[in-house]
Amino acid sequence: MRLTSLKLESLRDLYLEELRDLYSAENQLIAALPKMAEAASDQHLKQAFLDHLEQTKTHAARLERIFETLGLKPTGETCQAMEGLVKEGAQMIKAHGDAVVRDSGLIGAAQRVEHYEMAGYGTARSLAERLGEDEAADLLQETLDEEGEADHLLTEIAGVLVPVAA
């Protein structure tokens, strides 16, 4: 929850806000992914969550690297959007019923997370480019590409997991 009023005087202010939001989101996801992996019944889905956990740790480290080059700390406010998305995922984790249906719900929750992250990384990358932060823009694009790949993999798993209804 934001404890201070958001003040955006420049594109750099917005850029830093986006980076802090992403850093908070990644750290929330680092905490959530092991629970999602444990809840998944399908082995491919379980492994996808575990693999993405390692990738997410790399994403957070990239953001730390960007902040280091800026001479700033990555900490700040909590990403409220990710907080809500993680809560929705937690509802799927606790759900009772058919394992395939629950796995499908976990995939949906994870894809909502990926889409949120892709929007954030795309914005941050564009701002970095406009501010002449070329190295940061490259790192953000690398993460954006990986988030897209994760989303694509989840779509593939969903297609195998849930065959078309007869």
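## Helix packing

A crossing of two helices is termed left-handed if the near helix is turned anticlockwise from the far one by less than a right angle. In this predicted model, the crossing of helices α1 and α4 is left-handed. Helix α1 covers residues 11–39 and helix α4 residues 99–130; their axes come within 10 Å and cross at roughly 160°. Angles over 145 degrees count as roughly antiparallel, and α1 and α4 are therefore roughly antiparallel to each other. Classified by residue type, the contact of α1 with α4 has 17 nonpolar, 2 polar and 7 charged residues.

## Residue E38

Helix α1 includes E38. The relative accessible area of E38 is 67%; because exposed means over 50%, E38 is classed as exposed. The residues E38 and R125 are 87 residues apart along the chain, and a distance of 33 Å separates their C-alpha atoms.

## The second largest pocket

The volume of the second largest pocket is about 180 Å³. Its lining comprises 16 residues, of which A48, H52, E114, A150 and L154 lie nearest the centre of the pocket.

Four helices each supply at least two residues of this lining: α1, α2 (43–70), α4 and α5 (134–161). By class, the lining of the second largest pocket has 10 nonpolar, 2 polar and 4 charged residues.

Technical notes: Residues numbered from 1 in each chain as written. Predicted model: local features only at pLDDT ≥ 70, side-chain atom pairs only at ≥ 80, totals over all residues. Heavy atoms only, no water. Axes fitted to C-alpha atoms, helices over the stretch in contact; angles between N-to-C directions. Parallel < 35°, antiparallel > 145°, perpendicular 65-115°, else oblique. Nonpolar A, V, L, I, M, F, W, Y, C, P; charged D, E, K, R; others polar. Buried < 20%, exposed > 50% of the residue type's maximum accessible area, 1.4 Å probe, protein only. 1 Å grid on protein atoms, 1.4 Å probe; cavity = no way out; pocket = protein on both sides within 12 Å on 5 of 7 lines; lining within 4 Å. Points joined across faces, edges and corners; volume = space filled by probe spheres on them.
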